[in-house]
There are 2 protein chains.
Amino acid sequence: MSILTVGSVAFDSIETPFGKADRIVGGAATYICWAASYFVDDIKLCSVIGGDFPEDELNELRGRGVSTEGLEVKQDEKSFFWSGKYHDDMNGRDTLLTELNVLADFDPVLPDSYKNCDYVMLGNLTPEVQLNVINQMDKRPKLIVLDTMNFWMDVALDSLKAVIAKVDVLTINDEEARQLSGEHSLVKAARAIRAMGPKYLVIKKGEHGALLFHGENIFFAPALPLESVFDPTGAGDTFAGGFIGHLAKTDDLSFENMKRAVIFGSLMASCTVEKFGIEKLKGLSTEELQARMEQFSNLTRFDAAVAF
Amino acid sequence: MSILTVGSVAFDSIETPFGKADRIVGGAATYICWAASYFVDDIKLCSVIGGDFPEDELNELRGRGVSTEGLEVKQDEKSFFWSGKYHDDMNGRDTLLTELNVLADFDPVLPDSYKNCDYVMLGNLTPEVQLNVINQMDKRPKLIVLDTMNFWMDVALDSLKAVIAKVDVLTINDEEARQLSGEHSLVKAARAIRAMGPKYLVIKKGEHGALLFHGENIFFAPALPLESVFDPTGAGDTFAGGFIGHLAKTDDLSFENMKRAVIFGSLMASCTVEKFGIEKLKGLSTEELQARMEQFSNLTRFDAAVAF
């Protein structure tokens, strides 16, 4: 199944306790496309870049099955740029600079070939743009996944709620779930948020794993304990790409398969954070991914056939 | 198998966002004994109390198979007292008052009947007292588990390291593991701490679950997502009681069984936090515990038979 992906394609300058990377390729949609490309080879990218974005990066994406027909290029403008510095414990970060550039007035127009996608991944972006994309689809997709962040809760809550009401899966982090719902208990927060529309809620907890809520079911996917987390940038976007990638590949929306999708999302994210930007995500071998799946599987597996 | 348990038996005054409890029964050994009593009926308690401690509470413990032969009663003194207030998010707490009372000069003398226990649980206490107890054993126990906290790392690091060198399992939380090792990555921290002596390390992460490290193996036990966490006091002690309780019951120190012990510890802790103090821990039915085990099992179980 093909996946329509909307989100930023951009440059990031990142500083972590382990080093600095200047103007490397980033953006939510970039991470999503790379992660999803390990599952499907038909990804339709909707975004906007400036004339400064390197053509060879786009060619690499095309080589992974990513269509750039819906990628607008504004030759005389600059791509979105974000610069940030992570705290020593890597759990927090400060934004040093945000230059919207081409994203400032991004008004996506979907090519006809994009309008029948069954799987839609709305990467972190202005809620109005996300809604605009949903409204351009020819038919209701089988699955719409929405990723967002606290920034939009602060500045555009009504628009955000309007998008949330139209999607099947929402992915946010634990603090965002608490902010959006006003509930501290994640169980109560999940109930409140699902009442806003999404049948499924994924709460991402970074190094503490991810929770999937659906009806009365809860699934927990651990994060892989890593020797070193080098750069957390894009972990959430990568999660989203692996998550929808697995669902589109299998075209199976059962809860059992959603659980696996959360595992695949976590697995892809565990790769991304081990190097700067998309560096590691670009060169994963099947053997490496399989070995990591084995690690994930062993991490939580126990024999419960023991009674009190 | 019998379990020797050392730790405080005390009073706590607790304030949480949900209410206040004044001078209720607490103490590390109290939680450990209650939790372990769901697994074995031969627990030897070593502690000290004042004349103010209620006899009916001791009788309840005796009714659960807890020997109080090694429980010193100083009739003219007062029991240990701790008072604390939890922050609104329940993730932090302030100590309002600590009255050591009988604990100030606690010098445990093990009864002969205690000296052959194969399973020893050293609850959070002065490292010197923990070491003193180990040294009184007639033979090396099959398993010594040590629980401690950052306070002892701050004020008695050398003594603490001397105890750590003599135990098989250390249980601490994630911040304590980072403090003790000087490593931020828990994988690296675990390696450094196991080099200090313990073959097994359990890192407790509260609402984020617990990690078990042994050799190159890592096991992750989730915390059960709860509707409401009412009072986190004693969660770590309860974990320790369930953990060693299961091991003593099964007398099986394989890694597979250690994994189950971490699950049982997490399960018992998930009960404790739902009410004040030991209230919930006192009245658990087998049906309730079995149902909770089913929840734990479902929480992380997924079919990994899917390849890249």
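Two residues are in contact if their C-beta atoms, placed from the backbone, lie within 7 Å. This report applies that term to a predicted model.

The predictor assigns the complex an ipTM of 0.90 and a pTM of 0.94. For chain A, pLDDT averages 96, and 99% of the residues score at least 70.

**The core**

The largest nonpolar core holds 198 residues, of which V145(A) and V145(B) touch the most other members. When neighbours within four places in sequence are left aside, V145(B) is in contact with M121(B), L122(B), V167(B), D168(B), V169(B), T171(B), A240(B), F243(B) and I244(B).

**A covered helix in chain B**

Helix α1 of chain B spans residues 28-36 and is mostly covered, as nine of its nine residues are buried.

**The contact between the chains**

Chain A contributes 35 residues to the contact, and chain B contributes 35 residues. On the side of chain A that touches chain B, at least two residues come from each of α7 (186-194), β13 (217-221), α9 (255-272) and α11 (286-300). The element that gives the most to this side is α11(A), with seven residues. The composition of that side of chain A by class is as follows.

| Class | Side of chain A that touches chain B |
|---|---|
| Nonpolar | 19 residues |
| Polar | eight residues |

Note on methods: Residues numbered from 1 in each chain as written. Chains lettered and ligands numbered in written order. Predicted model: local features only at pLDDT ≥ 70, side-chain atom pairs only at ≥ 80, totals over all residues. Buried ≥ 20, exposed ≤ 12 C-beta atoms within 10 Å, placed from the backbone. Helix = DSSP H or I, 4+ residues; strand = E, 2+ residues; numbered from the N terminus. Nonpolar A, V, L, I, M, F, W, Y, C, P; charged D, E, K, R; others polar. pLDDT = per-residue confidence, 0-100. Core = buried A, V, L, I, M, F, W, Y, C linked by C-beta atoms within 7 Å.
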